[in-house]
Amino acid sequence: MTMGESSKAEGAGTVRVALPYHLRNLAHVTGDVEVEAAPPVTVRSVLDALEARYPMLRGTIRDYSTGQRRVFLRFFACEEDWSLESVDKPLPEAIAKGKEPLLILGAIAGG
Amino acid sequence: MSKVRVLVGTRKGAFVLSADGKRKDWKVEGPFFAGWEIYHMKGSPADPNRIYVSQTSGWFGQLIQRSDDGGKTWHQPGMPDEAVPPPGPPTALPNRFAYDTSETGKPLTTHQWYDGTQHPWEFKRVWHLEPSLTDPNTVYAGVEDAALFRSTDGGENWQELGGLRGHGSGPMWMPGAGGMGLHTIILDPGNPDRIYIAISAAGAFRTDDSGTTWKPINKGLVSGFMPKPDAEVGHCVHHVAMHRARPDVLFMQKHWDVMRTDDAGESWREVSGNLPTDFGFVIDVHAHEPETLYVVPIKSDSEHFPLEGKLRVYRSRSGGNEWEPLAKGLPEKDCYVNVLRDAMAVDTLDDCGVYFGTTGGQVYASADAGESWMPIVHDLPAVLSVEVQTL
């Protein structure tokens, strides 16, 4: 796992997020990002915090009209696929404490 | 000396091609937004340094980008770069295109699907951006599923002009093979209240009250794929062009047929004349000769490439019907590319320049109104759109 410019904190609520290449470019970051997610730390609270800190990402992960995960993106936490879990389900403690990043992955598809 | 700047949108990024007025030596910049589909980019007539870009992706959805310095730097309108945004709700939502659900917009909830059933409207992408002729901060967006949006704050926020979908004919609109996109937006230079738009596959529409109400303007169009070939709506219009000196005269490349109206769309007549095939996507008008038109004939709706593998632009100098092939400098054999609907443009230099891009990644330029052509670039990703600014 490559750590980027913001790898400082491990405190509760500070969550690391690994973004796909194109979203890192949009957010003007080169590695993982850190956001302060409101407890309990869930996919929803992490994405809310991510979009508040990086507003250029609004609409790129969750569809504006439906609020749902874009179909070609998936969420992974601690090597488990959380894409189909409730966005309000608390994430694993390792994610909530910033020890492991929440991965946002783009499907390997297209030309 | 005047300069030209050609804005090229491709399947995998944007490119800016620039040259002096001779249009022989070209500087190629890009790719910008590498890896993203750039459906369209267009500069503001009121401020040539202001350029709007539609950036889209099957993974990440729709984005709008803007340059205020002629393409040197880009940003999402209203978005900070590295800075931490101020607390509170955002004031800019530049990639939010929400369909109007108000009563005044009389929004439609369904259109016709490929199988004839009704289907809800779903936003997919911006096909075309048309900046205002007078205000750099006002820009129109034609989107898929078909609707017209407008921003008056430089692309930071968008509102649908709901009267178009509220016209009442929406349940008869249907997607073409490429989707149901609003792809053509023409602002009348002599009447700020008049706008023309076109949709595949619904047809052409006109507003005379700045977008509040719309009327279909498809009388004279005949489309054999429709149960009622001369129906009011449902036609697969591919592109429409106008000469700014004669805003009541429009030229149309339809799915099949090249058409012309002299009365702002009230009635159309076919001007395909001696074209070897009247299927195609692009159509444009010479900058100084309102009766000189350009099309690129494509073999058929089943085979989207030039006849006999010969890439040829056809020109009419009589407003249609009589056409001549223009082939000097274009491939004479083994050419099986397409030229998509927004991929032709003309500059306004004294010797009118004509430009078009292909799905094979070539961008061709003519500095003599089509008499001869040269490729500016050979090997870009598939070209989706070409616009030119005369500076």
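User: Before anything else, what counts as a helix here?
Analyst: Helices are DSSP runs of H or I with at least four residues, numbered from the N terminus. Arg44(A) lies in one of these, helix 2 of chain A. Keep in mind that this is a predicted model.

User: Which residues does Arg44(A) contact, neighbours within four places aside?
Analyst: Arg44(A) is in contact with Val87(A) and Asp88(A), once neighbours within four places in sequence are left aside.

User: And how far is Arg44(A) from Lys89(A)?
Analyst: Their C-alpha atoms are separated by 8.7 Å, and the two residues are 45 apart along the chain.

User: Which residues of helix 2 in chain A are buried?
Analyst: Helix 2 covers residues 43-53, and its buried residues are Val43(A), Ser45(A), Val46(A), Leu47(A), Ala49(A) and Leu50(A).

User: Zooming out, what is the pattern of chain A along the sequence?
Analyst: Chain A has 3 helices and 5 strands, and they come in the order β-α-β-α-β-β-α-β. Of its 111 residues, 38% are buried.

User: How many of the contacts in chain A join residues at least 24 apart?
Analyst: The figure is 62%, taken among contacts between residues at least 6 apart in sequence.

User: New topic. Which residues touch the most other members of the largest nonpolar core?
Analyst: Val8(B), Tyr355(B), Val363(B) and Val386(B) do, in a core of 108 residues. Strand 14 of chain B, residues 195-200, gives the most to this core, with 5 residues.

User: Which residues does Tyr355(B) contact?
Analyst: Leaving aside neighbours within four places in sequence, the contacts of Tyr355(B) include Val363(B) and Val386(B). Among the others are Val6(B), Met344(B) and Val388(B).

User: What about a second core?
Analyst: There is a separate one of 32 residues, which includes Val17(A), Val43(A), Leu47(A) and Ile104(A). Val43(A) and Leu47(A) are also among the buried residues of helix 2.

User: Last one: how many residues of chain A are in contact with chain B?
Analyst: On the chain A side 18 residues are in contact with 17 residues of chain B. Those of chain A split into 7 nonpolar, 7 polar and 4 charged.

Notes
Residues numbered from 1 in each chain as written. Chains lettered and ligands numbered in written order. Predicted model: local features only at pLDDT ≥ 70, side-chain atom pairs only at ≥ 80, totals over all residues. Contact = placed C-beta atoms within 7 Å. Nonpolar A, V, L, I, M, F, W, Y, C, P; charged D, E, K, R; others polar. Buried ≥ 20, exposed ≤ 12 C-beta atoms within 10 Å, placed from the backbone. Helix = DSSP H or I, 4+ residues; strand = E, 2+ residues; numbered from the N terminus. Core = buried A, V, L, I, M, F, W, Y, C linked by C-beta atoms within 7 Å.
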